[in-house]
Amino acid sequence: MIEARRSLAVLLLAGAALMSVSCGSGEEGGAASAAPVAVTAAASGGFVEQLPGGLRPRWKASEFRTFVPETRGKFSFPPPYNTEAVRITDASDCGGADCVIPVGYSYWRNTNAHENANEMYIFLGLNSQRGGSGPTLFKLDKTTDTITKVGPLFPAVSKFVRATGEGWYFSASRPNKLYLNDGPALLRYDVVSHLFDTVFDVTQVYGSDRYIWQAHSSNDDQVHSATLRVKSTGKNLGCIVFHEATGRFSFFPERGKFDECHIDKSGRYLLLLDNIDGRHDLENIFIDLETGAESVVYDEQGGVGHADLGYGYVIGNDGWNPLPNAIVSWIFSSPVSKGPRVFYGSSWNINRIEHVSHQNAKPSLPMNRQFACGAAADRAPAQNEVLCFRLDGSDDELVVAPVMTDLDAPGGETEYYKAPKGNLDISGRYYIWTANMGGNRMDAFLVKVPAQLLFN
């Protein structure tokens, strides 16, 4: 059965190759004029096709077992993907139980700033109540693709052993530093020396009945944002921004029904998600922290939902777009301006990308010479896949790997946990996500992203 499916996939790949050759330029410059993408090395496999993309038959759990090793280590996805991957976790990490907690989200980086090193650190949550060791550090040797379990990030007596790791993220500029929220404080934790630094604590400024949630940091580690909540009720109050160089806080209170906020990777621009008109869904409030200029994009005007930020721009899902699964961009300017539509699918019944990751954003490249990736899980007969796309409005997508998740399989418990909210590493070379492979447990995987194919 798998050979028949692979034969069909090869035919689809051949058609995709023909389409990619004839692809024209996008709204902000075509592929022919784009500079090479900033990745550490070219990865093999993958293929480019035109949006809205081809649909490949969904593989079964028995088919995954023909190429995914039972223990941690490297492997390759079969045709049509042919990409190289690494299994990070296996049954030994949980005593055979379902303890691997899904990666936190598409905009919280589970891998460190490794671009100038031969090794990459990875952190994952392994549920200590289900046979795991709590938040745990792994290490990838980038020259051999060997994965090593370094061990628990905290001693067994630490309060953090029971933490899921959701909302934690590696620094973009300090290779050993991991950000984690601790009630009212944002901490930086050195995964090698095991020492903590307190970035800020909101208690003295905003009172003892306050805590933070959903923190983000600029790529230079100088500006940080977080949702401010009431400890006793969990109510969202708004967004705080902390400037580390000056020790100064700014507060942006809730205007309607506040959801979250996110500092961009430059540290200059802030995005607030808040349903300020009480209609439909969340509005986007764009704020220039340097000038104080503000713009509002209402949900029905194309405000983004699941999103990630670059340097002065945001990309995210637009639920009001006439195209299915559309991902659009907005530029932080005064007033804010709409950028190109960067992705869309073929059908409202097939969810191709639900969570987009742009943790590979680079300050040295304009938006139209960068790319992002994402994935989704649904019950459609087509295979769910890790997909990448340029941010220039072109109609190319890079097909990287199958997601390997069955929403009806027991592994991962809830559908939210089963969804592949994967994230790109800082180089754009690796994408990490969790999948149940149609079985009774979740495991974590890395795939190498052949992003150079988008820029050939």
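**Reading disulfides, sheets and rings**

Guide: Let's start with two cysteines: Cys-94 is buried, and Cys-99 is buried too. Keep in mind as we go that this is a predicted model.

Visitor: What do Cys-94 and Cys-99 form?

Guide: A disulfide, with the sulfur atoms of Cys-94 and Cys-99 1.9 Å apart. The handedness comes from the torsion about the S-S bond: for Cys-94 and Cys-99 that is about -65°, so this disulfide is left-handed.

Visitor: How many disulfides does a search of the whole structure find?

Guide: Three disulfides turn up. Another one joins Cys-239 and Cys-261, with 2.2 Å between their sulfur atoms.

Visitor: Is the disulfide of Cys-239 and Cys-261 left-handed or right-handed?

Guide: Right-handed, because the torsion about its S-S bond is about 80°. This pair links distant parts of the chain: Cys-239 belongs to strand S14 and Cys-261 to strand S16 (residues 257-263), 22 residues apart. Both Cys-239 and Cys-261 are buried.

Visitor: And which residue is joined to Cys-373 by a disulfide?

Guide: Cys-388, at 2.0 Å from S to S. The link of Cys-373 and Cys-388 is right-handed, with 100° about the S-S bond. Here too distant parts of the chain are linked: Cys-373 sits in strand S25 (residues 371-375) and Cys-388 in strand S26 (residues 385-390), 15 residues apart. Cys-373 has a relative accessibility of 0%, so it counts as buried, and Cys-388 is likewise buried at 0%.

Visitor: If I count the bonded cysteines along the chain, what pattern do the disulfides follow?

Guide: They go 1-2, 3-4, 5-6.

Visitor: Now the sheets. How do I read strand order and pairing?

Guide: The general idea first: strands of a sheet pair through backbone hydrogen bonds, either parallel or antiparallel. In this model there is an open sheet of four strands, in the order S12-S13-S14-S15, and its pairing is antiparallel.

Visitor: Which strands are the edge strands?

Guide: Strand S12 (210-217) and strand S15 (248-253), each of which pairs on one side only. From one strand to the next, the twist averages 25°.

Visitor: How many bridges join S12 to S13?

Guide: Six, and S12 and S13 run antiparallel.

Visitor: Is S12 mostly covered or mostly open?

Guide: Mostly covered: of its eight residues, six are buried.

Visitor: How many bridges hold strand S13 and strand S14 in the antiparallel sense?

Guide: Seven bridges, between strand S13 (residues 223-230) and strand S14 (residues 236-243).

Visitor: What about a loop residue? Where is the place of Gly-183?

Guide: In the loop between strand S9 (177-182) and strand S10 (185-190). Gly-183 counts as partly exposed because its relative accessibility is 30%. Setting aside neighbours within four places in sequence, Gly-183 is in contact with Tyr-211 and Ile-212.

Visitor: Last topic, the aromatic rings. How is a pair read?

Guide: A pair of aromatic rings is described by the distance of the centres and the angle of the planes. The count for this structure is 33 aromatic pairs. Take Tyr-169 and Tyr-179: the ring centres are 5.0 Å apart and the planes are at 25°, so the pair is stacked. Tyr-169 is in strand S8 (residues 169-170) and Tyr-179 in strand S9, so the pair ties together parts ten residues apart in sequence. Tyr-169 and Tyr-179 are both buried.

Visitor: Which kind of aromatic pair do Tyr-431 and Trp-433 form?

Guide: A tilted one, at 6.0 Å centre to centre with 40° between the planes. Tyr-431 counts as buried, at 0% relative accessibility, and Trp-433 is buried with a relative accessible area of 0%. Tyr-431 and Trp-433 also belong to one aromatic cluster, whose members include Phe-47, Trp-59 and Phe-445.

Visitor: And which residue lies over the face of Tyr-416?

Guide: Lys-421, at 4.1 Å from the ring centre.

Technical notes
Residues numbered from 1 in each chain as written. Predicted model: local features only at pLDDT ≥ 70, side-chain atom pairs only at ≥ 80, totals over all residues. Heavy atoms only, no water. Helix = DSSP H or I, 4+ residues; strand = E, 2+ residues; numbered from the N terminus. Buried < 20%, exposed > 50% of the residue type's maximum accessible area, 1.4 Å probe, protein only. Contact = heavy atoms within 4.5 Å. Phe/Tyr/Trp six-rings, centres within 6.5 Å; stacked < 30°, edge-to-face > 60°. Lys NZ or Arg CZ within 6 Å of the ring centre and 35° of its normal. Pairing = 2+ DSSP bridges. Axes fitted to C-alpha atoms, helices over the stretch in contact; angles between N-to-C directions. Disulfide = S-S within 2.5 Å.
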